Amino acid sequence: MHVGAEPIRPSETDPELERRLAAEREFHNRKFGDPEEHGNSQSIYALPKAAYRAFQRELQGRAAGADILEYGCGDCSYVAQLIEWGGRVTAIDISDAAIDAARELAAERGISNRASFARMNAEDLTFPDESFDLIVGRAILHHLDLEKAYASIARVLRPGGTAVFLEPLGHNPLINLYRRFTPHLRTEDEHPLLMPDIELAKRHFGTVDLEYFTLLSMGTLAFAKVPPLWTPALKALDALDAGLFKLLPVAGRWAWTVNMVMSKPHKG
Ligand SMILES: C[S@@+](CC[C@H](N)C(=O)[O-])C[C@H]1O[C@@H](n2cnc3c(N)ncnc32)[C@H](O)[C@@H]1O
């Protein structure tokens, strides 16, 4: 049995929910149990670097002194960085293997006493109301029932707190074609976010700010076999993307990723 196998609250009334949670957990246990899974630096998953940088900037600017929840942390989580930036961190995931790996990483880095880890269903958080100042997650919301996820996040967020998520979008036909040809990389229930999913967030949070990444920069793939040109091409096309999304915000729906910064209003 994995060290992190805390019980998940059972749902005796919803077999479909049980199936979906078990499928997510098993897929990610396989993925995080296999060290060969991570892609190379000229692969499609190296494209959204600008998005990762922007996500990290949002986290870094908010971490100091904050009680932070990393939501769906996986194995290569942000726990160490969030602690380095002055946060107190709790991390949850439904996968035993992910939580075990995240715990091991924390032990290796000597920060186990400053972080806590739990296997938990992100749609049914067991923390008391208003427990966290900051909730962060990368590529997790699109694995969840969003109505339940947003409600759970809003419940455990303190008034004035912020939730920051980096998520894939599901409107670009080329990206969707790639997804169709690589089903083994994804769980059967995951669903890159659509605009109505983002609209739904507005019902749970006071403000929802969006920043889009990776549309024209997908052209960098043309340089996959020319490594010296990869980084300059990505930089130039990222800059074009930034200009495009500023001039024509509607183009954001065809981006690959969106950075969502959602805040809970102060009381009174
Ligand atoms: C694409 S991975 C992202 C992991 C990590 N955030 C990262 O960026 O590397 C999605 C994560 O969501 C977790 N997950 C899926 N469904 C979940 C649920 N209902 N509750 C908690 N975690 C869940 C998976 O186990 C997996 O670790």
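**Close-up views of a predicted model**

**View 1. Helix α4 and its packing partners.** The buried residues of α4 pack against α1 (15-32), β2 (88-93) and β3 (115-119). Contact means heavy atoms within 4.5 Å. Helices (H or I, at least four residues) and strands (E, at least two) are DSSP runs, numbered from the N terminus. The buried residues of α4 are D96, A97, A98, I99, D100, A102 and A106. Buried means under 20% relative accessible area, exposed over 50%, partly exposed in between (1.4 Å probe, protein chains only). This is a predicted model: local features need pLDDT of at least 70, side-chain atom pairs count only at pLDDT 80 or more, and totals for chains, interfaces and linings use all residues. Residues are numbered from 1 along each chain as its sequence is written, and side-chain values use heavy atoms, without hydrogens and water.

**View 2. Length of helix α4.** Helix α4 covers residues 96-108. Its 13 residues, at 1.5 Å a residue, should span 18 Å. The expected span is 1.5 Å times one less than the number of residues. The end C-alpha atoms of α4 are 18 Å apart, which agrees.

**View 3. The largest nonpolar core.** Y71 and I135 touch the most other members of this 46-residue core. A nonpolar core is a set of buried Ala, Val, Leu, Ile, Met, Phe, Trp, Tyr and Cys residues joined through side-chain atoms within 4.5 Å. Elements that each supply at least two residues include β1 (67-71), β4 (132-138) and α8 (227-247). Helix α5 gives the largest share, six residues.

**View 4. A second core.** This separate core has 29 residues, among them I83, A106, I111 and V164.
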